[in-house]
Amino acid sequence: AVRALLFAWLLAATVRATALAAAEPSRRQTCCSEDAVACGVTCSGCLPCFGCIGPAALNPLCYPCVGCIPCLTSCAEYLDCYSTEPDCSNSMWWGTPPRVRSWTVGTESCASPPCALILAFHGWTMSDELMREVTDMDRIAQQHGGAIVVYPDGIGVDIWSCWSIPNAANLGQCLFDAGVDDVGFVDALIDRMIERYSIDAGRVYALGFSNGGMMSLNLACRLSHRIAAFGAVATGPMV
């Protein structure tokens with residue numbers, strides 16, 4: 001009985017630790033959040049004081065930083081964001097509750113605008129940057145007259161990176177956060193790209209690998225009025 005109880009406790013602790021790890025955001029998700037941006041504006045004059053945290057605040061050199069105490073407490077989790085400013089141009093706040101969603105833009109032009117838009121979805125444990133690197137889609141698009149190639153990023157990081165797909169065997173963070181509206185995010189992303197670039201709204205395409213292929217098929221079911229064609233490689237089971 002004691003052994004069974006210990007096993008149950010270890011299992012519960014493991015599940016809890018896994019859930020916490022899955023919720024750990026990437027640097028871009030953290031630094032491009034609304035709170036991080038607000039802290040950056042409020043604390044812009046406090047950058048020299050970031051070493052005055054905890055017992056270090058008793059150092060006489062830190063006395064002029066007394067006015068920055070709020071920035072060194074409530075904004076402390078964003079200190080790393082100000083050492084090297086992140087690029088938040090390819091991100092948006094999306095969802096309920098809002099969260100930072102981001103993407104990487106590959107090629108940004110074509111031979112004869114308006115251009116086609118290609119959305120390339122990464123697989124489980126991958127990222128938008130890695131999808132761009134391993135697919136070589138930028139070069140392939142240019143060989144065929146060019147296109148706007150965009151690599152959306154799922155939720156979670158590293159082994160928790162995933163796409164939330166209804167009625168599918170979700171993986172990574174999506175096991176714990178299955179209510180994410182990834183279709184809505186893609187819909188909003190298409191609008192953002194059409195606003196930013198010269199895009200033919202009738203030539204929007206989606207493709208994906210593994211979990212990203214499942215996302216592409218998910219869009220075929222739920223966003224076919226906006227996306228003309230879909231491609232999927234090595235997808236998992238879907239219902």
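**Close-up views of a predicted model**

View 1. N90 is found in the loop between α5 (79-83) and β1 (91-94), where helices (H or I, at least four residues) and strands (E, at least two) are DSSP runs, numbered from the N terminus. This is a predicted model, in which local features need pLDDT of at least 70 and side-chain atom pairs count only at pLDDT 80 or more, while totals for chains, interfaces and linings use all residues. Residues are numbered from 1 along each chain as its sequence is written, and side-chain values use heavy atoms, with hydrogens and water left out. With a relative accessible area of 15%, N90 is buried; buried means under 20% relative accessible area, exposed over 50%, and partly exposed in between (1.4 Å probe, protein chains only). If its neighbours within four places in sequence are left aside, N90 is in contact (heavy atoms within 4.5 Å) with R101, S102, W103, V105 and R196.

**View 2. A charge over a ring, at R101 and F185.** R101 lies over the face of F185, at 4.3 Å from the ring centre. A charge sits over a ring if NZ of Lys or CZ of Arg is within 6 Å of the ring centre and within 35 degrees of the ring normal.

**View 3. The aromatic pairs.** A search of the whole structure finds two aromatic pairs, and rings of Phe, Tyr and Trp (its six-membered ring) pair if their centres lie within 6.5 Å, with planes under 30 degrees apart counted as stacked, over 60 as edge-to-face and the rest as tilted. F121 and W163 form an edge-to-face pair, with 5.1 Å from centre to centre and 80° between the planes. Because F121 lies in strand β3 (residues 115-121) and W163 in the loop between β4 (146-152) and α8 (182-196), this pair ties together parts that are 42 residues apart in sequence. Both F121 and W163 are buried. The rings of W160 and F176 have centres 6.4 Å apart and planes at 65°, so this pair is also edge-to-face. W160 counts as buried at 17% relative accessibility, whereas F176, at 39%, counts as partly exposed.

**View 4. The contact of α8 with α9.** The axes of α8 and helix α9 (residues 211-222) come within 10 Å and cross at roughly 80°, where axes are lines fitted to C-alpha atoms, for helices over the stretch in contact, and angles run from 0 to 180 degrees between N-to-C directions. The two helices, α8 and α9, are therefore roughly perpendicular to each other, since angles under 35 degrees count as roughly parallel, over 145 as roughly antiparallel, 65 to 115 as roughly perpendicular and the rest as oblique. D182, V183 and V186 of α8 make the contact with M215, N218, L219 and R222 of α9.

View 5. Most residues other than glycine have a negative phi, and most peptide bonds are trans. A cis peptide bond, with omega about 0°, joins P113 and P114, and P114 has its place in the loop between β2 (99-110) and β3. D158, in the loop between β4 and α8, has a positive phi near 55° although D158 is a residue other than glycine, and at 58% relative accessibility D158 counts as exposed. A234, in the segment after β6 (229-233), likewise has a positive phi near 55°, and counts as exposed at 51% relative accessibility.
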